[in-house]
Amino acid sequence: MSNDSIYMIGGLQTTSDPRDYILLPYCKQIDANLNIVDRAQMKVPRCSVPLALIRDRWIIAMGGLIGRNKPCNIVAAYDT
């Protein structure tokens, strides 16, 4: 992974109903000039995902939420 890039992974989008939201499967690479490049999406959309960067190459997504108060028990690896 380049030192001048960051990654945005997952998230949620609110709806007109404050009790509802849409989970996002995004993985976006953002460089120092704020150029955004779409990368492969997560197979399981989620939010509140703990992430780890391994050897400056692998991003590991561990768990997160797949619904309101519904924890995800999936671990995914992304090769940057």
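User: Which side chain does the side chain of K28 make a polar contact with?
Analyst: That of D38, at 2.6 Å. A polar contact here is a pair of N or O atoms within 3.5 Å; within protein, one must be able to donate a hydrogen and the other to accept it, and residues adjacent in sequence count only if both atoms are side-chain atoms. Keep in mind that this is a predicted model, where local features need pLDDT of at least 70, side-chain atom pairs count only at pLDDT 80 or more, and totals for chains, interfaces and linings use all residues. Residues are numbered from 1 along each chain as its sequence is written, and side-chain values use heavy atoms, with hydrogens and water left out.

User: OK, is K28 buried or exposed?
Analyst: Buried, because its relative accessibility is 18%. The cut-offs are under 20% relative accessible area for buried, over 50% for exposed and partly exposed in between, using a 1.4 Å probe and protein chains only.

User: Where does K28 lie?
Analyst: In strand β4, residues 27-31. Strands (E, at least two residues) and helices (H or I, at least four) are DSSP runs, numbered from the N terminus.

User: And what ring does K28 lie over?
Analyst: The face of Y26, at 4.6 Å from the ring centre. For that, NZ of Lys or CZ of Arg has to be within 6 Å of the ring centre and within 35 degrees of the ring normal.

User: What else is K28 in contact with?
Analyst: Leaving aside neighbours within four places in sequence, K28 is in contact with I6, Y7, M8, I36, V37 and D38. Contact means heavy atoms within 4.5 Å.

User: Switching to Q29. Buried or exposed?
Analyst: Q29 is buried, since its relative accessibility is 13%. Q29 also sits in strand β4, and its side chain makes a polar contact with the side chain of R39 at 2.4 Å.

User: Zooming out, how many helices and strands does the protein have?
Analyst: Zero helices and ten strands. Of its 80 residues, 30% count as buried.

User: What does the pLDDT look like?
Analyst: The average is 86, and 96% of the residues score at least 70. pLDDT is the predictor's confidence in each residue, from 0 to 100.
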